[in-house]
Amino acid sequence: MATASLAMDAFSCSIRHTALTTAVELVEQGRAVFWTQLARFRTTLDELSAAHHTGAALAEEFKQLSFHLRNALDQSTEDQSSQIRQLTMQWDDLVLRIRMIPDFSRFLLPPLFSDLQKAAEEGPVIIVNASQYSCDALIVLSDRDPVHVPIGITQTEVSDLSIEFQSLSKDFGHHDTTYKLVGILRKLWHNIVDPIVQALGASNVHPGSRIWWCPTAEFTLLPLHAAGPYEKKGDSLSHIYISSYTPTLATLVRARQQVSRDASPQNFVAIGQGNPAGGKLLRCVGPELAIVAQHIAPVVWSFTSLEDGDATVNTAVDVLNHNQWLHLACHGMPNRKQPFESSFAMRDGPLMIKDIIRSDWQNPEFAFLSACHTTVGDEKSPDESIHLAAAMQFSGFRSVIGSMWSVDDEVAQEVVSAFYGNLADGSGRLDCARAAMALHKAVKKLRRNNVPLEQEIVFVHIGV
């Protein structure tokens, strides 16, 4: 527990000493460590290949060594520990040699604030942190130093609120939870989100702008995007700004750098599994895929639909080698004790997080995960962000829609229809950077249809 809280404590201590940019750098280093390490093995090497007369050879050596090390870690056993140790030493030595090349002195070193600030190019990123010393928010802006917002709540109170919300979310769909849910969302608003909104306004972040939440610790388990006073005269956050999430700033920077190929053909696959192995029948999957096809098939280069018997683990992994756009409708199976075992239920068994991260998909753009609990991770290490939506993002998908708890079938169809109706840009092409706005509009439509509050706020957007 002490190790897990180190980055959050360092963040608070840096703020206390008014070292705000250092606070951002330190909290970034101590979170999502697994995904950060994985990203090191997948580093793009185009610049290295083009640099210096030895660059191409070093890039190739790095690629091969990373591949062998990843494979060894995948199949890790006690017998292979000496091989892993040997490969790690070779990998470290190679990284040092690369850093000796001009302009590559910071190759794979933790990013500086000037690098992380690029995450805020399209709108502010708000780091919300809880530690034993204090609770604080830092608003990272693209053109100036971060803005500090003290939060009038203790770590224990955040933890209690998180436990209360997790307990309540288990009753969603079974009991009327609106009164208790509104109580939690009001606490989030008054104690945490409203002071941040005031600071955003003072920083000239205009209403209607996009903002990105980067929560730490117990904040990762709370629906910050849905906070509000829930009174006739007061606006909730969703009436003021369009919220997205990001597990880390570096993840968002990487997603922004993977620029969409404007002129390339857009290939879309919709995968639906309503009759999984040993699972409950989902009658809504067929109609949902038909809605996706109705909106998407006319505007993309190719549209593929895989359903039931065709939607197997191997087929799903393989088809994503040829499609950059994904809609997945099935059971989401979170495993909060062993998060790498979290999975999507296919016809022949589970498509697990470990299957996803082993894949090497080419230029993925967008994934809509129409399944329950796709943003639910390890309850003991929420900062590691090991959940299904994060696995898709770290596998290269620039933009992901996921769910925080169970989704009602009819609500899912309403959201899907309204969402895809707004995803194409003025030229008729799909644009993954429009996903947050498209979800925002879909939720606004739900609000007019008197859908239960927990279903209005269940879907969240992650990424660009």
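A residue is termed exposed when its relative accessible area is over 50%, and buried when that value is under 20%. In this predicted model, Glu-410 has a relative accessible area of 63% and is therefore classed as exposed. Glu-410 is located in helix α16, which spans residues 409-420.

Helix α11 presents another setting. Seven of the nine residues of α11 are buried, and the helix is accordingly described as mostly covered. The buried residues are Leu-249, Ala-250, Thr-251, Leu-252, Val-253, Ala-255 and Arg-256. Arg-256, which belongs to this helix of residues 249-257, carries a charge but takes part in no salt bridge, although it is buried. The nearest side chain of opposite charge is that of Glu-122, at a distance of 5.2 Å. A salt bridge requires a side-chain nitrogen of Lys or Arg within 4 Å of a carboxyl oxygen of Asp or Glu. When residues up to four places away in sequence are not counted, Arg-256 touches Lys-118, Ala-119, Glu-121, Glu-122, Trp-212, Arg-398 and Val-464.

The loop between α11 and β6 (267-272) contains Pro-265. The relative accessible area of Pro-265 is 43%, so this residue is partly exposed. Apart from neighbours within four places in sequence, Pro-265 is in contact with Trp-301 and Gln-324. The C-alpha atoms of Pro-265 and Arg-429 are 9.7 Å apart in space, while the two residues are separated by 164 residues in sequence.

How values were computed: Residues numbered from 1 in each chain as written. Predicted model: local features only at pLDDT ≥ 70, side-chain atom pairs only at ≥ 80, totals over all residues. Heavy atoms only, no water. Helix = DSSP H or I, 4+ residues; strand = E, 2+ residues; numbered from the N terminus. Buried < 20%, exposed > 50% of the residue type's maximum accessible area, 1.4 Å probe, protein only. Lys, Arg positive; Asp, Glu negative; His and termini not counted. Contact = heavy atoms within 4.5 Å.
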